[in-house]
Every structure is written in C-alpha cells, then in structure tokens.
Amino acid sequence: MTYHPSDDRYSKMVFNRCGQSGLDIPAISLGLFRNFDQADGYDNPRRLIQTAFDHGITHFDIANNYGNGYAEEVFGRILKADFKDFRDEMIISTKAGYGMWPGPYGDGGSRKYMIASLDQSLRRLGLDYVDIYYSHRPDPSTPIEETAYALDHLVKQGKALYIGISNYNAEQTKHISVIFRDLKTPFIVHQPKYSMFMREPEETLFPVLEEKGIGAIVFQPLFQGLLTNKYIDRIPGDSRAKKNIAHFSVDDITKERIQKVKALATLAYDRNQSVAQLAIAWVLHQKAVTSALIGASTPEQLIENVNAVQHLSFTDDELQAIDDILSSSS
Ligand code: NDP
C-alpha cells in the first residue's frame, strides 16, 4: 500500500531550536534502539515510523549497533518504500562508539572506526548523508582531538550535516566543544540519559550545555517504560522488563519506584495527562532540553506519548509536588 503522510502532521507537534544552531527538532523524537531488531520483522517497525511521521515526529535516532546494524537496515528499507519524497523533512541520526565488529577497529573513538562506521551506516540506510552523526561514548584511550577531527572531516565530506556527542560528562563536553569551536564544526547537540528517575545531568551537564549553546536530546525519558501506566499493577509478559533486554529487568521495578509512579499518576490525572505524558512534558520543561527521545513498541504508545505536547507547561506548585514525590523515600 502506498503511504501518504497525514496532511496536518505539523499541527500535532511542537518544534524546539537545538541550542544556538539553526536546526529545529521536534519536542518528541523516536529512537530505534529497541523494537527494530530482526525479531521485530518489518510491519510493526514500518507502522511505527509512519505513525511517528504522521504525528509530526521528524527526527529518527539510530546507532550503528542497534540490532547489530539491523535497525539501520530496516529503517533504510522503510525510507525507500515510503519516504523517498520526504527525506528533506526528516532529521536522521546515527552513532558510533560501542563495539560493532571484531578487532581493534570496530569500537571506541579512533579516526579509523568513526569514518569506517559511518560509511557502513550510510550503506545500510541507503543514504548519502545523515543529519546528525554522534560519537556514541567517550573513549578515554583515544585522544579526544582524534575523535573530534574525524567527525569534523565527515562534515567536510558532506556525510554528516551536524555533529553530536553522547554519554560524555560535563568535563569531556567542555573539552571537545573547545576543539569543535576552533575547527568551526557544527557541533550542536548532546544526547544524555535523563528522566524523573535519572536527574544527574541537572547538576553538572545541563549548565555546560546552556553556556555553550548546545541542545540536549535526552534519551530514555520514560525510564524504559517504568514511567508509564505499564507496571503500576503488574509486570506484563510482553514488557521490556519481562523480556530482560536493554539492561532493564523486573529487578528495576522496585516497590519504591512504583509508589512514586502511582503518586505521579495522580498528579498527571489532575493535569488531564497520563504518567507517560507527564514524564515527557517534565523533561521538556528543562531549559537545556530540546527533545525527549522516546521508544515505543506500538503505534498506540507513540500516539499517547506525542499527545504530551498538548500540555507542556507546569505551575511552580506542580514542579514542587513532583520534586517532593521524586525525593521521598518509603
Ligand atoms: P524509553 O524510556 O522511551 O522506553 C521506551 C519503552 O517504554 C517502549 O519500548 C515501551 O516498552 C515503553 N513505553 C513507551 N511508551 C509507553 C506508553 N505510552 N505506555 C506504556 N509503555 C510505554 O526509551 P528507550 O529505552 O526506548 O530509548 C529511547 C531511545 O533513546 C532509543 O531508541 C535510542 O534512540 C536512544 N538511546 C540512546 C542511548 C545512548 O547511549 N545514546 C542509550 C539508550 C537509548 P515495551 O516494549 O515494554 O512496551
């Protein structure tokens, strides 16, 4: 069946400027870390991408190692089938930094790995360029200049429009941003882990990003599904926790966290939102945050999450109540 995107897709999304760049990113971005593995086949991934685009999600985030290359492959197939006419409406990112192929050249931050990996990713995606290419993690055994020069080189080759980093701490971020500034590299974004249950970036990283004018596309704002209604009463058999993938298991569903989710659900209800929508709106209220980078296993989850943009503002009392819930101990 030929895919025709929804005509009113842009009216369903809010766009935020990414740091001090000229690039707008949707408040909600879709990541392909899970649900785009070989075992997930083609039909559900395709429905997820179509649903996302129909709801104004223009940014799709991948990495070389998601599904060991399969996420890029299946996304490439979907692009070819449905999105040939819409490439210029999409922001597609990929990354390299974790182990991808055997031997010393398939891991880390060397020039050899960063360049070879993007060439492989472009082949799997069937693209000439990606919009954002990330160093997926810092590599303390490689001079940070080498990684930065390799990324800058890829921009000059036209294979990446913008550069990002992920999982770098505040000091590493400061260090590499000075190198990029001198090179005039379009380094515009950091991808840190951030959610109501993982607030570390607030203290150290976010102030640096704000000072440097770098945007934050924050991953796992739903804490892999815990910050939704999903686990409130039971642990569903088909859930990520039950499948014990992505370093997320039933051990993460603690009594204390569930109590907090229940309290958040009450607060969310008063705002006419679900917990998932509250959790997404909450990460977006941080000044440094450009986009909440979510995952979804069904189109229904995706639509629920996108509707978070209907209510993004918070009163001071609501923010205080959320802080109180999150800092309470049972
Ligand atoms: P999330 O915290 O968004 O978790 C997504 C999961 O939560 C879904 O797969 C689903 O789980 C569940 N879920 C989502 N919405 C709902 C809902 N409305 N109701 C009930 N359950 C829901 O993040 P992810 O772990 O998926 O990560 C998002 C993206 O972040 C990745 O795809 C990737 O792009 C990026 N990422 C980056 C990393 C990095 O190092 N830079 C590391 C990890 C992720 P279920 O399957 O149980 O239904």
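In which loop does Phe-223 lie? The last of the legends below returns to this residue.

**View 1. The whole chain in a predicted model.** This is a predicted model, in which local features need pLDDT of at least 70 and side-chain atom pairs count only at pLDDT 80 or more, while totals for chains, interfaces and linings use all residues. Residues are numbered from 1 along each chain as its sequence is written. Taken along the principal axes, the box filled by the C-alpha atoms of the protein chain is roughly 50 × 50 × 40 Å. The radius of gyration of the protein chain is 19 Å, which agrees with the value near 20 Å that a compact globule with 330 residues would have; this radius is taken over C-alpha atoms, and the globule rule is 2.2 Å times the number of residues to the power 0.38. Of the 330 residues, 46% count as buried, where a residue is buried if 20 or more other C-beta atoms lie within 10 Å of its own, exposed if 12 or fewer, and partly exposed in between, with C-beta atoms placed from the backbone.

**View 2. The packing of helices H5 and H6.** Two packed helices are described by the angle between their axes and the distance between the axes. Helix H5 (residues 170-183) packs against helix H6 (residues 205-212) at an angle of about 20°, with the axes 9 Å apart; the axes are lines fitted to C-alpha atoms over the stretch in contact, and angles run from 0 to 180 degrees between N-to-C directions. That angle makes H5 roughly parallel to H6, since angles under 35 degrees count as roughly parallel, over 145 as roughly antiparallel, 65 to 115 as roughly perpendicular and the rest as oblique. Ala-170, Thr-173, Lys-174 and Ser-177 of H5 make the contact with Leu-205, Val-208 and Lys-212 of H6, and two residues are in contact if their C-beta atoms, placed from the backbone, lie within 7 Å.

**View 3. The packing of helices H4 and H5.** The axes of helix H4 (residues 144-156) and H5 come within 10 Å and cross at roughly 40°, which makes H4 oblique to H5. On the H4 side the contact is made by Ile-144, Glu-145, Ala-148 and Asp-152, and on the H5 side by His-175, Ile-176, Ile-179, Phe-180 and Leu-183.

**View 4. Leu-30 in strand E3.** Leu-30 lies in strand E3 (residues 28-31) and counts as buried, with 26 C-beta neighbours inside 10 Å. When residues up to four places away in sequence are not counted, Leu-30 touches Ala-52, Ile-57, Phe-60 and Ile-294.

View 5. Asn-68, found in the loop between strand E4 (59-61) and helix H2 (70-82), has a phi near 55°, a positive value in a residue other than glycine. Asn-68 counts as partly exposed, with 13 C-beta neighbours inside 10 Å. Phe-223 lies in the loop between strand E9 (215-219) and helix H7 (240-243), and its phi is positive, at about 50°, although it is not a glycine. Phe-223 is partly exposed, with 18 other C-beta atoms within 10 Å.

Key
Helix = DSSP H or I, 4+ residues; strand = E, 2+ residues; numbered from the N terminus.
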